[in-house]
Amino acid sequence: MSQYQTMLAAEWEALLNAAVDAIVVIDEDGRIITFNRSAERMFGYGAADVLGRDVAILMPETDGSQHEGYLQRYLSTREPRVIGIGREVEGVRRDGVKFPIALSIGESNSDRGRHFVGIIRDLTAQREQEQRARSLESRLAHAGRVNLMGEMAAGIAHEINQPLSAIATYAQAAKRLLQRNPIDAGKLAEVCHKIDEQALRAGQVIEDLRRFLRKQEVDARALDINALIEDVRLLTEADSRAQAIPIRFEYGSGLPRVRADAGGLQQVVLNLTRNAVDAMANLPSKDRGIDVRTRIGSAGRVEVAVSDHGHGVSAELGATIFHPFVSTKKDGLGVGLAVSQSIVQSCGGALSYRNNPDGGATFVVSLPPINEVELIQ
Ligand SMILES: Nc1ncnc2c1ncn2[C@@H]1O[C@H](COP(=O)(O)OP(=O)(O)OP(=O)(O)O)[C@@H](O)[C@H]1O
Ligand SMILES: [Mg+2]
């Protein structure tokens with residue numbers, strides 16, 4: 001071997017052992033011929049333990065037993081499944097514990113035969129972090145939902161109580177009508193009809209509430225934002241009416257559909273209207289009410305704007321209002337906007353706000369329209 005080649009071999013060795021990723025080289029028969037330091041650390045074997053052994057020992061049993069077949073199939077068909085593509089699979093440590101890995105494979109062909117070089121990254125830490133973020137997010141979302149319903153309970157209870165007491169009054173009237181002689185059937189029918197109407201109204205509020213809490217699975221491929229808001233209109237009205245704040249809805253026409261989680265977006269609308277109610281609750285300006293509007297915004301995006309005439313967002317708060325647990329309210333958890341932002345972002349949209357020139361704040365949800373061509377496919 002020439003001096004030049006020896007140098008290269010030494011450099012190759014240094015390179016191998018300096019690599020953060022595990023590097024495992026196998027021959028055509030799947031036998032391990034190189035196992036670098038990171039591979040030793042990652043899998044818990046010394047190089048001497050594994051050299052010459054089948055690479056299947058680094059894989060879960062099912063993958064390991066199929067590996068030989070994969071390798072042979074590739075050698076005869078040359079159809080790559082992993083080679084040059086890379087994929088996420090599982091590795092097995094010496095102690096038998098499985099762990100997630102990102103695997104990319106390269107191929108070399110020389111006079112020493114055909115070899116496969118596997119570069120392996122341990123994804124354990126990344127997966128744990130993703131898991132933690134997901135569980136935190138869902139805990140936050142749950143806390144936000146329960147809190148929101150708790151705050152809205154007074155309005156909803158009132159909304160159900162009203163038709164219930166009307167029903168009681170009409171029932172008394174019906175009893176009195178029955179005591180008369182002769183019974184006025186026409187009047188009695190009228191009273192029964194009124195009882196029916198009121199029962200339907202109370203039922204509607206309960207149905208809306210139930211649907212919202214169930215987080216209904218509407219076809220998320222094509223959502224009509226106006227219909228989605230209309231479904232929670234009674235709830236928002238109940239909430240704002242309890243504080244004597246008028247709320248108006250103005251639906252833009254010809255809006256493209258959006259791809260989104262319906263229950264999530266309804267929660268966003270409720271969070272924003274709830275905040276608007278809170279911001280106006282004790283102000284004389286509350287007569288000016290809340291406006292919920294939908295329209296087509298820039299770049300064909302679908303926008304939902306909730307405007308109030310409350311105290312507005314103070315400049316010091318700035319963008320921190322979207323951080324979890326930031327609240328200026330005595331009983332606020334400070335999760336409403338954090339949860340709303342993460343829901344909107346998960347639909348590819350954005351949530352922003354501005355203070356209105358004539359007082360109060362406007363929060364805008366902006367969602368990308370569905371590409372209808374994509375839908376047809
Ligand atoms: N429409 C608004 N007008 C003025 N300030 C607002 C408005 N909406 C939100 N804020 C400010 O942003 C803060 C954070 O809002 P967020 O909805 O995240 O939490 P919260 O309403 O305080 O509590 P939670 O929603 O968890 O019950 C509020 O405490 C308030 O200071
Ligand atoms: Mg809130």
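The model is predicted: local features need pLDDT of at least 70, side-chain atom pairs count only at pLDDT 80 or more, and totals for chains, interfaces and linings use all residues. Residues are numbered from 1 along each chain as its sequence is written, while chains are lettered from A and ligands numbered from 1 in the order in which they are written. Helices (H or I, at least four residues) and strands (E, at least two) are DSSP runs, numbered from the N terminus.

**Nonpolar cores**

- The largest nonpolar core has 44 residues. A nonpolar core is a set of buried Ala, Val, Leu, Ile, Met, Phe, Trp, Tyr and Cys residues joined through C-beta atoms within 7 Å.
- A residue is buried if 20 or more other C-beta atoms lie within 10 Å of its own, exposed if 12 or fewer, and partly exposed in between, with C-beta atoms placed from the backbone.
- Leu235, Val268, Val269, Ala276 and Val365 touch the most other members of this core.
- Two or more residues each come from helices H5 (124-179), H6 (185-214), H7 (225-242), H8 (262-280) and H9 (336-346), and from strands S7 (290-296), S8 (302-307) and S10 (361-367).
- H8 gives the most, with 10 residues.
- Beyond its neighbours within four places in sequence, alanine 276 is in contact with Ile290, Val306, Asp308 and Gly310. Contact means that the two C-beta atoms, placed from the backbone, lie within 7 Å.
- A second, separate core holds 18 residues, among them Ala39, Phe43, Val55 and Met59.

**Shell around ligand 1**

- Ligand 1 is surrounded by 25 residues, and the closest are Asn275, Ser327, Gly332, Gly336 and Leu337. A residue is near a molecule if its C-beta atom, placed from the backbone, lies within 6 Å of it.
- H5, H8 and H9 each give two or more residues to this shell. The largest share, four residues, comes from H8.
- By class, the shell has 11 nonpolar, 12 polar and two charged residues. Ala, Val, Leu, Ile, Met, Phe, Trp, Tyr, Cys and Pro count as nonpolar, Asp, Glu, Lys and Arg as charged, and the others, Gly among them, as polar.

**Helix H7**

- H7 has a kink of about 45°, centred on valine 232. The bend is the angle between axes fitted to the seven residues ending at a residue and the seven starting there.
- Buried residues in H7 include Ile225, Val232, Leu235 and Asp239.
- Just after H7, alanine 244 takes a positive phi of about 55°.

**Helix H9**

- H9 is largely enclosed by the rest of the structure, because eight of its 11 residues are buried.
- Gly336, Leu337, Gln341 and Val344 are among those buried residues.
- The cover over them includes H5, H8, strand S9 (350-355) and S10.
- Glycine 348 follows H9 with a positive phi, near 80°.

- Most residues other than glycine have a negative phi, and most peptide bonds are trans.
- The peptide bond from asparagine 181 to proline 182 is cis, with omega near 0°. Proline 182 sits in the loop between H5 and H6.
- Alanine 299, in the loop between S7 and S8, has a positive phi of about 55°. Alanine 299 counts as exposed because it has 8 C-beta neighbours inside 10 Å.
- Phenylalanine 325, in the loop between S8 and H9, has a positive phi of about 65°. With 10 C-beta neighbours inside 10 Å, phenylalanine 325 counts as exposed.
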